[in-house]
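Subject: Handover of a structure, with findings

Dear colleague,

I am passing the structure below to you, together with an account of what was found in it. Please read the account with the sequence and the structure open beside it.

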Amino acid sequence: MDAIAAFARRFAFRAGLARFLDALAAGLTAGLWCGAALVAAQRLLGFAAPPEALGGLPVLCGAFVGVVVGLSRWPGLHEAAVAADARFGLQERLSSALVATGGPMAELVRADALRHIEGLDLRSGAPVHMPRAWPALAAGALVFVAAALLPQMDIFGWRAARARDLRLVREVTEAARVRLSQLEAQAGQGEIATRVDRELAELLAKRATLDEALSKGAALRSEAQQALATTERQLAETTDPRRRAELEAERMAAAAASRVLRDWLDHLAGTATRPG
């Protein structure tokens, strides 16, 4: 029984390995062709996406799917025995011997199967062949490399438009910080103005895109207007001269921050160039 099971296991391994390699090659082929198409599109059109991720992600996904499919198609012992019966013309001797239980008849079945499998060459009967998809795999690899070597182009001008918008954000934000510091020198430094200046500095440090700058600016301006409204309400309710002086300084600082943000947003929205 051990010899019969060992033969079936060796056949299952070779048959499973052949299926696994076929599935892996098919997954890699699909991933390489998809990755090559995405990398070529990025090179030609210049849209905002790292080509390494565009090309690598489909290949990794294809390899993962190929591994999963290949493992799922790995034959079990009985399935391998049935396949070996068909491959070597054993007329169900191996699969019958594999499931035969004790008794004189089972011994006869196993002995008959052992005589027929003795000397069989698994390398010819269950060859681990080159994956069937290897021509498409090789072609996909060549196309992928060719796409990666393409020069960076900008057919629709999207890349240039993004560069102009990044430059615009940087220049307008730097000017807004200068103006804010000038107004703070006149009106005094308030909490909201300090926060606005800090947020603008962070936008510059991270090289924010136009959309990020507009979104952050709208949120900051809303915050500045709320702070201004709150300060004006407190100012109307306060009679203490010292407290009124403090609130008046805060009101002027919040108003200055709100004006700077308003002009900054108007400038960004009015002069930006967006890719098509």
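Helix 1 and helix 5, the latter covering residues 104–117, pack with about 50° between them, and their axes are 10 Å apart. Where helix 1 passes helix 5, the crossing is left-handed. On the side of helix 1 the contact is made by Ala-3, Ile-4 and Phe-7, and on the side of helix 5 by Arg-110, Ala-113, Leu-114 and Ile-117. Sorted by class, the residues of this contact are 6 nonpolar, no polar and 1 charged.

Please note that the model is a predicted one. The average pLDDT of the chain is 83, and 93% of the residues score at least 70. Confidence is highest in helix 7 (residues 134–148), with a mean of 92, and lowest in helix 8 (residues 158–187), with a mean of 76.

Other contacts of helix 1

Helix 1 spans residues 2–45, and it also packs with helix 3 (residues 77–88). Here the angle is about 90° and the axes are 8 Å apart. Helix 1 is therefore roughly perpendicular to helix 3, as the range for that description is 65 to 115 degrees. Helix 1 contributes Ala-5, Phe-7, Ala-8, Arg-9, Phe-11, Ala-12 and Arg-19 to the meeting, while helix 3 contributes Leu-77, Glu-79, Ala-80, Ala-83, Ala-84, Arg-87 and Phe-88. The residues of this contact divide into 10 nonpolar, no polar and 4 charged. Phe-7 is among the residues of helix 1 that meet helix 3, and Phe-7 is also one of those in the contact with helix 5.

How does helix 1 lie relative to helix 2? Helix 2 covers residues 51–72, and its angle with helix 1 is about 165°, with the axes 7 Å apart. That makes the two helices roughly antiparallel, because the angle is over 145 degrees. Their crossing is right-handed. The contact of helix 1 with helix 2 includes 8 polar residues, alongside 16 nonpolar and 1 charged.

Arg-87 in helix 3

Arg-87 belongs to helix 3. With a relative accessibility of 49%, Arg-87 counts as partly exposed, because the class of exposed residues begins over 50%. Leaving out residues up to four places away in sequence, Arg-87 touches Phe-11, Gly-125, Ala-126 and Pro-127. Gly-125 is 38 residues from Arg-87 along the chain, and the C-alpha atoms of these two residues are separated by 6.5 Å.

Gln-91 is placed in the loop between helix 3 and helix 4 (93–99), and at 65% relative accessibility it counts as exposed. Glu-92 lies in that loop too. The phi of Glu-92 is near 65°, again a positive value in a residue other than glycine. Glu-92 counts as exposed, at 55% relative accessibility. From Gln-91 to Arg-179 there are 88 residues along the chain, and the C-alpha atoms of the two are separated by 92 Å.

Glu-199 in helix 9

Is Glu-199 buried or exposed? Glu-199 lies in helix 9, which covers residues 191–205. Its relative accessibility is 9%, so Glu-199 counts as buried; the cut-off for that class is under 20%. Apart from neighbours within four places in sequence, Glu-199 is in contact with Lys-216 and Leu-220.

Yours sincerely

How values were computed
Residues numbered from 1 in each chain as written. Predicted model: local features only at pLDDT ≥ 70, side-chain atom pairs only at ≥ 80, totals over all residues. Heavy atoms only, no water. Helix = DSSP H or I, 4+ residues; strand = E, 2+ residues; numbered from the N terminus. Buried < 20%, exposed > 50% of the residue type's maximum accessible area, 1.4 Å probe, protein only. Contact = heavy atoms within 4.5 Å. pLDDT = per-residue confidence, 0-100. Axes fitted to C-alpha atoms, helices over the stretch in contact; angles between N-to-C directions. Parallel < 35°, antiparallel > 145°, perpendicular 65-115°, else oblique. Nonpolar A, V, L, I, M, F, W, Y, C, P; charged D, E, K, R; others polar. Left-handed = near helix turned anticlockwise from the far one by under 90°.
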